[in-house]
Amino acid sequence: MIKRRDFLKGAAVGLTGLALPFAAAELINPQTVTARKTDRPKVRWAFLVDTVRCVGCGLCVRACKHENEVPYDANVTRTWVERYVLTKDKKLFADTPKAGRDGFTTPRIDLGMGNYQEIRNEDIAKAFFVSKLCNQCENPPCVQVCPVGATYQLPDGIMLVDREWCIGCGYCIMACPYGIRFFHPKYHAADKCNFCYHRITKGMNTACVEACPYQARQVGNFENPADPVTRAVMTERVRVLKSEYGTKPHVFYRELAEEVR
Amino acid sequence: MKSHVWRPLYVVIALVIVVLVTRYIYVPKDFAVHERGYMYGWYRAGNVEQWKAVPDKFKTNEYCKDCHPEKEALISKTPHASIQCENCHGLAKVHPADPPKLAADKSREFCLRCHYPLPYPSSDRSKIKGIDPEMHNPGIECSNCHNPHKPSLRRLK
């Protein structure tokens with residue numbers, strides 16, 4: 001018969017023995033844990049959106065869907081265009097019918113569920129278009145919540161999704177404060193804008209930047225002071241979306257209005 | 001110290017070994033902590049190459065102008081010069097192999113993306129000339145009268 005004292009002793013030894021291999025399996029370098037960069041990367045991708053130049057044609061959304069094989073008619077998209085209309089009696093309306101894929105060809109505001117709001121042109125105080133895409137945050141909440149390491153941040157600031165490794169739990173979709181992520185109906189994995197990583201790494205512009213006839217979108221290297229995007233951010237008045245979340249977004253907006261969320 | 005009390009322990013140890021062995025076999029060798037550290041840089045390195053290898057399909061005017069210089073010459077002097085060929089004609093991909101023909105979107109709705117008049121203050125949309133689609137020759141394709149490659153109103157096609 002085993003004594004209580006022996007049992008406790010044995011259990012303590014056994015538990016210590018069990019715990020040890022886990023700790024010993026990997027020697028963790030404090031530098032990797034704190035994610036401190038020893039030296040700055042040579043490339044840090046950033047984006048500039050001009051909310052005055054944007055006319056809401058939606059060609060960026062169309063080009064993105066084709067380039068990145070996002071199902072054209074499904075209610076998912078990597079980028080979209082929002083319309084904001086503020087009336088003179090201080091009412092705010094915003095819509096993005098079909099993510100702005102077919103442009104804005106009516107003054108009616110799409111309220112959803114088949115409801116529309118007619119607004120007369122003379123009642124409008126201000127109105128403009130804002131395009132949205134992944135902010136490629138410096139502190140990405142989407143990456144922190146991934147339980148399997150399927151989404152991650154590269155040294156150049158781009159977040160990618162490993163479609164083979166993604167288990168489709170949807171945590172990242174919920175975590176993104178900007179609602180950028182979606183579940184890809186074909187690949188059954190989380191999907192998001194990655195600044196056309198296959199293009200920018202070959203020295204090309206993103207598909208949306210190429211498709212925009214109004215130069216309302218620009219992509220650039222934030223570590224290069226001569227880059228037009230960096231110059232604009234350093235010398236002009238730009239804002240980012242939801243800076244209160246501390247995510248440090250790298251999509252900058254020229255002339256961004258307070259009403260934009 | 002032979003006792004049934006130890007048996008569950010052996011089971012646990014066996015389970016741990018099974019998990020570790022499975023992990024060793026199942027997890028790819030390039031799955032590790034990379035430059036951005038444990039919090040953000042924990043991933044399979046091979047996936048980055050997979051993303052880089054995605055073929056680009058939007059080829060831009062640089063790709064089109066070598067074989068279609070006359071179209072390029074025509075449109076480059078018009079306000080439509082900033083519109084990429086592929087915005088209307090569809091993505092070139094590896095044209096002419098695939099797709100062999102690029103059909104332009106000639107629908108009224110396509111032109112109205114820019115030319116529906118929305119006089120929005122603080123947006124450049126208000127600067128673009130527009131037409132009321134219900135009053136301006138409804139039901140006819142715009143390209144019947146206007147040449148999109150040479151859209152001047154003074155010299156209609």
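# Briefing: chains A and B, fold and contact

In chain B, 38% of the contacts with a separation of 6 or more link residues 24 or more positions apart. For chain A, the corresponding share is 62%. The model is predicted. Chain B carries 7 helices and 2 strands, and chain A has 8 helices and 13 strands. Where the two chains meet, 43 residues come from chain B and 50 residues from chain A.

**Chain B: overall form**

- The elements of chain B follow the order α-β-α-β-α-α-α-α-α, read from the N terminus.
- The radius of gyration of chain B is 30 Å, whereas a compact globule of 157 residues would have one near 15 Å.
- The C-alpha trace of chain B covers about 105 × 40 × 30 Å along its principal axes.
- Of the 157 residues in chain B, 20% are buried.

**Chain A: overall form**

- Along the principal axes, the C-alpha trace of chain A extends over about 90 × 45 × 35 Å.
- Buried residues account for 41% of the 261 residues of chain A.

**The three-stranded sheet of chain A**

- Strands β3, β2 and β6 of chain A build an open sheet in the order β3-β2-β6, with antiparallel pairing.
- The edges are β3 (92-95) and β6 (124-132) of chain A, each of which pairs on one side only.
- From one strand to the next, the twist averages 15°.
- Strand β2 (residues 80-87) of chain A is joined to β6(A) by 8 bridges, and the two run antiparallel.
- Across from A:V81 stands A:S131 in β6(A).

**The four-stranded sheet of chain A**

- Here 4 strands of chain A form an open sheet with mixed pairing, in the order β11-β1-β13-β12.
- β11 (217-221) and β12 (238-239) of chain A have a single partner strand each, so one side of each is left without a neighbour in the sheet.
- Helix α8 (residues 228-235) of chain A packs on this sheet and touches β1, β11, β12 and β13 (251-254) of chain A.
- The direction of α8 makes about 100° with that of β11(A).
- Strand β1 (residues 45-50) of chain A pairs with β11(A) in the antiparallel sense, over 5 bridges.
- In that pairing, A:R217 of β11(A) is the bridge partner of A:V49.
- β1(A) and β13(A) run parallel and are joined by 4 bridges.
- A:V251 in β13(A) stands opposite A:F47.
- β12(A) and β13(A) run antiparallel, joined by 2 bridges.
- A:Y253 in β13(A) stands opposite A:R239.

**The largest nonpolar core**

- The largest nonpolar core holds 76 residues.
- A:F47, A:C60, A:A63, A:F195, A:C208 and A:A211 touch the most other members of this core.
- Leaving out residues up to four places away in sequence, A:C208 touches A:C60, A:A63, A:C64, A:T79 and A:R217.

**Where chain B touches chain A**

- The contact draws on 43 residues of chain B and 50 residues of chain A.
- On the chain B side, β1 (31-33), α2 (37-40), β2 (42-44), α3 (46-52) and α7 (108-115) each supply at least two residues.
- The residues on that side of chain B divide into 23 nonpolar, 10 polar and 10 charged.

**Helix α7 of chain B**

- α7(B) is largely enclosed by the rest of the structure, because 6 of its 8 residues are buried.
- The buried ones are B:F110, B:C111, B:L112, B:R113, B:C114 and B:H115.
- The cover over these buried residues includes α3 (59-67) of chain A and α6 (85-89) of chain B.
- α7(B) is also among the elements that supply at least two residues to the side of chain B that touches chain A.

Key: Residues numbered from 1 in each chain as written. Chains lettered and ligands numbered in written order. Predicted model: local features only at pLDDT ≥ 70, side-chain atom pairs only at ≥ 80, totals over all residues. Rg over C-alpha atoms; globule rule 2.2 N^0.38 Å. Buried ≥ 20, exposed ≤ 12 C-beta atoms within 10 Å, placed from the backbone. Contact = placed C-beta atoms within 7 Å. Pairing = 2+ DSSP bridges. Axes fitted to C-alpha atoms, helices over the stretch in contact; angles between N-to-C directions. Nonpolar A, V, L, I, M, F, W, Y, C, P; charged D, E, K, R; others polar. Core = buried A, V, L, I, M, F, W, Y, C linked by C-beta atoms within 7 Å.
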